[in-house]
Amino acid sequence: MASPTDPTGAGPEGPAPDFGTPREGLWTLVERRVLLNVATALALLATGIMLLESISRSALSHSYFWAEESVRYLMIWAFFLTLGAAGRAGHMIRTEMLVERLSPRLQQGANIVTTALGVLFSGVLLYASIPQVVRYRSMGMLTESNLDLPMWLLFLAMPLGAILMGIYYLGALREALTGRDPYQAADADRELPAEMKGPLL
């Protein structure tokens, strides 16, 4: 940190070495370059359909039967595709009022418990959602609107989201087991602002 006696902030040992940009793993690239972009496109498409429906209702007194249904499923897919990325970016809800007052050893224990519960929840969500997808596929159910989309394909977002969230929590659990706080900013990642960082796989 810079000070009047040390304007460069280098400290007595000189400037900190620059190790270069950290290498991104394949999964990090897929998550940030593919999944987030797809989820953003789905959310934007849903927004466009909502605007179209709103303008059509107010100006033309006409409503599209497929609009509400398509927006609903687009947002569901956008949400579940970003579950893992949201955790890695630090957007999962975390209450720190108690944990930050614990000793370092108890903090590590709390991190292990919470990340293990996250893995467990992801597993339960996956276990509960797969039979639903299989049932919709075997019944051949379609959506109510004239889009006639297969219900199993739409509900496939749930097990996929469970897998993505499970991958995040497995990485966080690994961090916790090695003694690091999985919810702290990943300083090696320079692509995200400091407030949008989390444990990397």
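Me: At what angle do the axes of helix α4 and helix α6 cross?

Reply: In this predicted model, the axes of α4 (residues 104-139) and α6 (residues 157-177) cross at roughly 160°. They come within 8 Å of each other.

Me: Why is α4 called roughly antiparallel to α6?

Reply: Set the angle against the cut-off. Angles over 145 degrees count as roughly antiparallel. The crossing is at roughly 160°, so α4 is roughly antiparallel to α6. As for handedness, α4 passes α6 in a left-handed crossing.

Me: What kinds of residues make up the contact of α4 with α6?

Reply: The contact divides into 19 nonpolar residues, 8 polar ones and no charged ones.

Me: Let's pick one residue. Where is Pro159, and why does Pro159 count as buried?

Reply: Pro159 is in helix α6. Buried means under 20% relative accessible area. Pro159 has 7% relative accessibility, so Pro159 counts as buried.

Me: Which residues is Pro159 in contact with, leaving aside its neighbours within four places in sequence?

Reply: Pro159 is in contact with Leu126, Ser129, Ile130 and Val133. Take Ser129: Pro159 and Ser129 are 30 residues apart in sequence, and their C-alpha atoms are 5.7 Å apart in space.

Me: Now Val113. What makes Val113 count as partly exposed?

Reply: Val113 is in helix α4. Buried is under 20% and exposed is over 50%, with partly exposed in between. At 49%, Val113 lies between those limits, so Val113 counts as partly exposed. Val113 and Ala176 are 63 residues apart in sequence and 9.0 Å apart in space, C-alpha to C-alpha.

Me: Which residues have the most contacts inside the largest nonpolar core?

Reply: They are Leu42 and Leu81, in a core of 21 residues. The elements giving two or more residues to this core are α1 (26-60), α2 (67-81) and α6. Apart from this core lies another, of 6 residues, including Tyr73 and Phe155.

Me: What does Leu81 touch, not counting residues up to four places away in sequence?

Reply: Leu81 touches Leu35, Val38, Ala39, Leu42, Leu160 and Leu164.

Me: How many helices and strands does the chain have?

Reply: The chain has 6 helices and 0 strands. From the N terminus on, its elements run α-α-α-α-α-α.

Me: What share of the chain is buried, and what share of the contacts between residues at least 6 apart in sequence join residues at least 24 apart?

Reply: Buried residues make up 31% of the 201 residues. Of those contacts, 69% join residues at least 24 apart.

Technical notes. Residues numbered from 1 in each chain as written. Predicted model: local features only at pLDDT ≥ 70, side-chain atom pairs only at ≥ 80, totals over all residues. Heavy atoms only, no water. Axes fitted to C-alpha atoms, helices over the stretch in contact; angles between N-to-C directions. Helix = DSSP H or I, 4+ residues; strand = E, 2+ residues; numbered from the N terminus. Parallel < 35°, antiparallel > 145°, perpendicular 65-115°, else oblique. Left-handed = near helix turned anticlockwise from the far one by under 90°. Nonpolar A, V, L, I, M, F, W, Y, C, P; charged D, E, K, R; others polar. Buried < 20%, exposed > 50% of the residue type's maximum accessible area, 1.4 Å probe, protein only. Contact = heavy atoms within 4.5 Å. Core = buried A, V, L, I, M, F, W, Y, C linked by side-chain atoms within 4.5 Å.
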